[in-house]
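Student: Hello! Could you help me learn how to read the strands and hairpins of a protein chain?
Tutor: Gladly, let us look together.

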Amino acid sequence: MTHSTPAGSRGEVVIRCEQVQRSYRMGDALVQAVRGIDLEIARGEFAAITGPSGCGKSTLLHLLGAIDAPSSGRVLVNGRDTAQLGDTEATDFRLRHIGFVFQRFYLMPTLSAQENVELPLAEAGMDRRARRARAAELLGYVGLGDRRDHRPTQLSGGEQQRVAIARALANRPALVLADEPTGELDAATGERLLELFGQLHRDGTTLVFVTHDTVVANRAQRVIRLLDGRVSSDTRHGSA
Amino acid sequence: MSMRATLAFATLRRNPARTVLAVLGIAVAAALLLDMVMLATGMRESFRSLLLTRGYQLRVSPKGTLPFDSEATIDGATAIVTALRANPDIRAVSPGLGATLALPGTRFPSVFSLGLESDVQGDYVLEGGRDLPPPSDTTASAAAPLPAVVNRAFLLRSGLQLGDTLTVASGVDAQLRTTARARVVVLTGEGRFFYVPAETPVMALPLRDLRTLLGSAYRDRMSVAMAESRRGDSASVEAVRRWIAQTQPRVTAISTETAIRQVEERLSYFRQLAFVLGAISLGIGFLLVATLVTLSVNERRGEIAVLRAIGTQKGGVLRQVFLEGFMLSGTGIAGGLLLGLVTARWLNGILRDFPGLPAAFDFFLWSPEAAWKSLLLLLVSGTLAGLLPAWRAASIPIVRSLREDAVG
């Protein structure tokens with residue numbers, strides 16, 4: 001059973017979208033990927049953005065992650081209007097406040113799991129000893145404590161995505177955004193990964209992931225369905 | 001190693017074959033550049049050190065000639081040498097007379113001979129046996145064999161050893177098979193002659209005795225005199241040269257610097273060739289690094305976009321790609337230094353075997369300053385070659401690259 005609940009009533013708002021529109025040119029055509037979305041996501045929420053291909057869900061995720069700016073409207077993350085951030089500020093904002101998990105994992109193939117997790121910590125200026133300890137702690141958290149020195153090619157798809165999750169959590173972000181995190185995994189591995197996302201949620205992480213798979217989407221606490229760049233439904237489950 | 005360096009190094013390790021080939025290419029370019037620099041500066045410096053071996057900065061030869069450029073000699077040599085020695089600005093004067101002497105009864109018909117004063121001579125260094133007696137030594141009887149210092153080529157070709165005697169003669173009439181004058185000489189010492197090709201047999205005799213042997217026409221002649229200015233700076237040497245030119249109208253005085261300039265003019269095409277080849281090798285190094293790093297960046301657009309997405313600043317991406325170019329160039333140049341030295345040594349050995357070259361002449365001379373400057377230039381060039389791809393990498397549009405990579 002699902003029910004719709006305004007996010008704002010559930011606690012502090014981490015994400016607020018106000019009439020967000022995003023259009024871009026593709027050849028001669030003007031593509032209107034996002035067409036006026038209003039949305040709030042509260043701290044600690046576990047939300048899935050779903051919808052058919054081309055409905056604008058990845059574009060919306062990029063806007064929420066401050067790697068893209070709206071054509072009009074405002075996206076506020078932790079109260080900051082992301083469109084007002086310059087490139088350096090936006091990059092620093094992403095580093096400290098947002099964790100990304102991608103469908104294709106995007107681990108650095110020549111670095112070990114440990115070094116991949118250390119990357120954002122090094123960018124944040126953490127010293128070598130502290131970042132090694134933090135990376136080891138995170139890899140232990142995602143169940144890869146014994147695979148720290150393995151390179152991505154020596155890990156299964158599920159393990160690689162766990163490393164990517166550990167990397168996303170490195171700087172204790174307020175928000176973790178995942179783009180089709182189970183898209184490249186088989187069903188059983190995807191299921192274990194969703195359990196890990198559930199664990200993250202229970203530990204207080206705010207999670208938003210994009211998926212076109214409604215079964216996967218229903219594992220989230222809240223499902224935001226997009227159609228033609230607009231929110232067509234926004235429903236909540238009782239728990240994740 | 002910093003995380004940025006680790007990542008740069010790891011990126012290069014990703015395609016080991018490609019990286020090794022690029023490093024080899026840069027190493028070859030660096031070796032070529034180094035060799036060209038060594039060649040361009042080597043001949044000049046080698047010639048300079050050859051001329052200054054014994055500190056003589058001035059050569060005095062018959063008017064209008066270069067030293068040993070012709071068979072012309074200067075008459076009245078004693079007066080000229082005495083005048084030069086009387087000048088307080090001149091530390092030493094070494095007169096020399098060159099002539100060809102016949103060697104009846106030996107394996108070769110004649111030998112180039114130098115009449116020298118052993119206490120001031122600057123033509124050879126004694127490597128074995130006894131040197132020629134100083135001109136002040138007049139104890140030897142007129143009938144005693146003349147002392148002679150010869151080079152290794154002479155000993156090898158004649159089959160003689162130090163202590164052996166042979167007859168030398170002048171005034172040879174080939175048709176009548178007669179000689180005007182002959183003396184027995186004893187080989188007292190072996191020397192390494194600076195200005196005579198190593199393969200050419202040469203014999204040094206006391207100047208006074210060679211003049212006597214050549215006959216009355218040569219009694220007061222010399223082919224060349226070398227003079228050493230008391231002060232070694234260019235201005236002082238030039239002042240002495242001008243003084244000689246003014247006071248000795250029958251001679252031409254040439255300074256080492258002028259001689260080097262003249263040699264440089266004669267060898268300018270060689271230097272131009274070296275410059276062109278050096279510039280080409282610099283260009284090759286630049287293009288190699290630029291191509292490889294651009295290729296690497298294009299292959300990693302998605303990865304770089306992700307780095308930017310997870311919080312790597314543009315400057316961080318720029319530094320990392322820049323570092324890749326630097327690592328490639330640095331490794332290639334280190335290999336190139338070694339390769340360049342080995343090939344220079346090898347080529348020098350081949351070129352030095354050319355007939356007619358002074359024994360002490362080098363084509364490739366290691367000049368640390370010139371070598372480091374050229375390699376530094378290549379390092380800067382190689383590193384700069386990484387700048388454009390680094391800038392392109394840093395400017396990758398994150399969203400578009402992620403989308404393209406996902407589609408690709």
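Tutor: Two strands pair if DSSP finds at least two bridges between them. Helices (H or I, at least four residues) and strands (E, at least two) are DSSP runs, numbered from the N terminus. This is a predicted model, where local features need pLDDT of at least 70, side-chain atom pairs count only at pLDDT 80 or more, and totals for chains, interfaces and linings use all residues. Residues are numbered from 1 along each chain as its sequence is written, and chains are lettered from A in the order in which they are written.

Student: How many helices and strands does chain A have?
Tutor: Chain A holds seven helices and 11 strands.

Student: How do strands S2 and S3 of chain A pair?
Tutor: S2 (residues 13-26) and S3 (residues 29-42) are antiparallel, with 11 bridges.

Student: Where does Val77(A) find its bridge partner in S6(A)?
Tutor: At Arg80(A). S5(A) and S6 (residues 80-81) of chain A run antiparallel, joined by two bridges. In their hairpin, with two residues between the strands, Asn78(A) takes a positive phi near 55°.

Student: What share of chain A is buried?
Tutor: A residue is buried if 20 or more other C-beta atoms, placed from the backbone, lie within 10 Å of its own. In chain A, 48% of the 240 residues count as buried.

Terms used. A residue is buried if 20 or more other C-beta atoms lie within 10 Å of its own, exposed if 12 or fewer, and partly exposed in between; C-beta atoms are placed from the backbone.
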